[in-house]
Amino acid sequence: MSVAAPAAPSSPHVMNTYGRLPIAMSHGKGCRVWDTNGKEYLDALAGIAVNTLGHAHPKLVPALQDQVAKMIHCCNYYHVPDQERLAQMLVERSGLTNVFFCSTGLEANEAALKLARKYGHDKGIEKPQIVVYEKAFHGRSIATLSATGNPKIQAGFGPLVEGFIRVPANDIEALRKATEGNPNVVAVFFETIQGEGGINPMRAEYLQAVRALCDARDWLMMIDEVQCGMGRTGKWFAHQWAGIQPDVMPLAKGLGSGVPIGAVVAGPKAAHIFQPGNHGTTFGGNPLAMRAGVETIRIIEEDGLLENAAQMGHLIQTRLLTALMNKKGVKEVRGQGLMIGIELDKPCGVITQRAADAGLLLSVTADNVIRLVPPLVISGAEADEIVARLLPIIEQFLTENP
C-alpha cells in the first residue's frame, strides 16, 4: 500500500508578500531545524542573521521563560530596568553613549534618518540631505525604501522621499564630488557590509576616510549594523575592524536571538538630538525583548562566540575558496566572519530550493549571490557539513546553460 506524500504547506489567508519555499518549520536545536514533515535541515541562514544563538539555546530558553512569567510588555511611560541594563552593555561594547530601543531594523534605520534630519534642522538647514549608497538596503518603509539602492523593490511605491544623495561604495572621491560645496549635507548612511545588496564589504581604509570627512564637514556618520553587527564578523560590530566609531548605529536582527528587537546606539554628537515627544514606540524596549538582548550578549561572551564566528567563518571561506576559486562561473567568495557571499556569473535563485532539498538552509540575494549567515554557535563539523552539502549544488548549477 502506497503512502501519500504529505501536502505542501500553504497560507491562503496570509498576504502573498513572500516567495516562500514549500516548507513549514516545526522546531530547532542548535544549528538544526526540522520541518512539519520531520525533515532535518542544517541552518546556514539563521532566520537571515537573526538566530545568533541558534535554536533552543539551553541558556537562553530558561531566561526567556522566566521573563515571560514575570512581564512581557510594559509601556514607556515607566522605566524598564533591563532597558538601562542592555543600553549600558551596548554602550560599553561600542564606545558610544546612549541607546533608543525599538522593535525592528527598519524602525532603527527610520529613527537614524529622523535623527539626521533633526540634526540638520537644529543647525538651521531647511532641507537636510543624507548620503546613501548604491546597492544599499535599509528597509521597506517609505523613508528607508528611499534610502535603499534597489530600484526593483522601490518600483510601484513612488513618489519616494527626497533628500538623499546616492554614491558608489568604496570610492572616496565619488563621495567628495557628490557633496562638494553642498551646505545641506548632514550625514553619511551605509552598511559596513551590505547584506541584501550581495555581501559587499566597505574597505577599512574607505571607512577611515569617511570618518575623517564626516569630522571635517561636521556630518553624522551613521552605520547600519542591523545585519553585520552583534558579533557576526568576529567583533561586536563590523566597523570595529577599521578602528573607527560611528555617531549613530542602528542594530536589530541578532541582538535578541530571535525575539524582535531594534536599537539605535548614538555617540555624543547625536545622543541628545531627540527630546521627549520627538520620537517613540509602543513595543520598543519591552521587558521580554530587553531580557533577550541582555542574555544574548551575556551568552556570546560566556561561550566565546566572537572568536568562534571569526574562526568558523575563516574555515568556511577557506574551504569554499579552495574548491571554487578556479571554477568557471564563480566570480568571488567574500565576506567576513559568518557573513559570507558566493557571487556567481548568472542568477542563481534556484539554489535556495535545491539546497533545502539537500537539507541546507541558505538564501540568494542580489540575484546571483549565495548568502551564508549561520548561527554563531556553529561547530567545526557543522561548518564542514555546510561546505560538503553546498559544493555539489554549486558545481551542478555551473554546468547548466544560462
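Start by selecting glutamate 382: it is buried but makes no salt bridge, and the nearest side chain of opposite charge, arginine 32, sits 4.0 Å away. Buried here means under 20% relative accessible area with a 1.4 Å probe, protein chains only, and a salt bridge needs a side-chain nitrogen of Lys or Arg within 4 Å of a carboxyl oxygen of Asp or Glu. For charge, Lys and Arg count as positive and Asp and Glu as negative, with His and the chain ends not counted.

You're looking at a predicted model, where local features need pLDDT of at least 70 and side-chain atom pairs 80 or more, while totals for chains, interfaces and linings use all residues. Numbering runs from 1 along each chain as its sequence is written, and side-chain values use heavy atoms, without hydrogens or water.

Now colour helix α12, residues 380-399, which holds glutamate 382. Helices (H or I, at least four residues) and strands (E, at least two) are DSSP runs, numbered from the N terminus. Show serine 379 too: its backbone nitrogen is 3.0 Å from a polar atom of the glutamate 382 side chain. Beyond neighbours within four places in sequence, glutamate 382 is in contact (heavy atoms within 4.5 Å) with Cys31, Arg32, Leu42 and Val377.

Next, hop to strand β17, residues 369-372. Val369 and Arg371 on one side, and Ile370 and Leu372 on the other, are all buried. Strands pair if DSSP finds at least two bridges between them.

Finally, pick β16 (residues 363-365), which pairs antiparallel with β17 over three bridges. Valine 364 stands opposite isoleucine 370. In the hairpin of β16 and β17, alanine 366 has a positive phi near 55°.

Terms used:
Buried means under 20% relative accessible area, exposed over 50%, partly exposed in between (1.4 Å probe, protein chains only). A polar contact is a pair of N or O atoms within 3.5 Å; within protein, one must be able to donate a hydrogen and the other to accept it, and residues adjacent in sequence count only if both atoms are side-chain atoms.
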